[in-house]
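Take a look at the fold below. Follow the chain slowly, then read on.

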Amino acid sequence: MDTHFIIMKPFCHEVGCCCPEQQHQHMINFRQGDIWTITNNRKYVDGLGWYCLIDINNEFQFFIYVDDIQELHAKGSICSIWDLDLKINYLNFKINKALDTYDREAFLSLSNELRHTQQVKSKMNYAHVQNV
């Protein structure tokens, strides 16, 4: 599993404590551009499963159920640096195709999306360097 993720779409997530009763729950709002770092701190809770400690922007930490991470990734709410690399490669391919077919509108749209994706990736790379 990747250790660094970036929030692509703002969302709220209900976070509960890791006790079997889960009596201590609250909502956390995540903003686009927030960086998640999955730490090596893991915890297994009987009847609930595995939880990972997540560091958010080097500001605070919380435990999240492992399946929730996978669900957020599948929905596109979070993505890894590998996801961003794949998207950049795909956008470069589509831009070249738009150039070959003289499709100005597609070229401009894809170029803007590529620029945005590269900015997100550079922010994520910067955050990763700060954590090392």
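Helix 1 is followed by G76, and the phi of G76 is positive, near 85°. Helices here (H or I, at least four residues) and strands (E, at least two) are DSSP runs, numbered from the N terminus. This is a predicted model: local features need pLDDT of at least 70, side-chain atom pairs count only at pLDDT 80 or more, and totals for chains, interfaces and linings use all residues. Residues are numbered from 1 along each chain as its sequence is written, and side-chain values use heavy atoms, with hydrogens and water left out.

Helix 1 covers residues 66–75, and its buried residues are V66, I69 and L72. Seen down the helix axis, these buried residues fall within an arc of 125°, so they line one face of helix 1. The arc is that of the directions from the helix axis to the C-beta atoms. Buried means under 20% relative accessible area, exposed means over 50%, and partly exposed lies in between (1.4 Å probe, protein chains only).

Two strands pair if DSSP finds at least two bridges between them. Strands of a sheet pair through backbone hydrogen bonds, either parallel or antiparallel.

Is strand 5 largely enclosed or open? It is largely enclosed by the rest of the structure, because 7 of its 8 residues are buried.

Strand 4 (residues 35–45) and strand 5 run antiparallel, joined by 7 bridges. T37 has D55 in strand 5 as its bridge partner. The two strands form a hairpin with 3 residues between them. In that turn, G47 has a positive phi of about 85°.

Strand 5 is also joined to strand 6 by 6 bridges, and this pair runs antiparallel. I54 stands opposite F62 in strand 6. Here too there is a hairpin with 3 residues between the strands, and N57 in the turn has a positive phi of about 50°. N58 sits in the loop between strand 5 (49–56) and strand 6 (60–65). N58 is exposed, at a relative accessible area of 51%. The C-alpha atoms of N58 and I35 are separated by 8.4 Å, with the two residues 23 apart along the chain.

## Helix 2, face by face

Helix 2 has 20 residues. From first C-alpha to last it reaches 29 Å, close to the 28 Å expected at 1.5 Å a residue. The expected span is 1.5 Å times one less than the number of residues.

Which residues of helix 2 are buried? They are L84, I88, L91, I95 and A98. Down the axis of helix 2, its buried residues fall within an arc of 90°, so they line one face of the helix. The face turned away from that buried side carries the exposed residues W82, L86, N89, F93 and D100. Just after helix 2, Y102 takes a positive phi of about 55°.

## Salt bridges

How many salt bridges does the structure hold? It holds 3. A salt bridge is a side-chain nitrogen of Lys or Arg within 4 Å of a carboxyl oxygen of Asp or Glu. Side chains of opposite charge can pair when their charged atoms come close.

D85 lies in helix 2 (residues 81–100) and K121 in helix 3 (residues 104–131), so the pair ties together parts that are 36 residues apart in sequence. D85 is partly exposed at 27% relative accessible area, and K121 is partly exposed at 22%.

K87 pairs with E113, their closest N and O atoms being 3.4 Å apart. K87 is in helix 2 and E113 in helix 3, so this bridge ties together parts 26 residues apart in sequence. R31 and D34 form another, at 3.2 Å between the closest N and O atoms. D34 is buried, with a relative accessible area of 5%.
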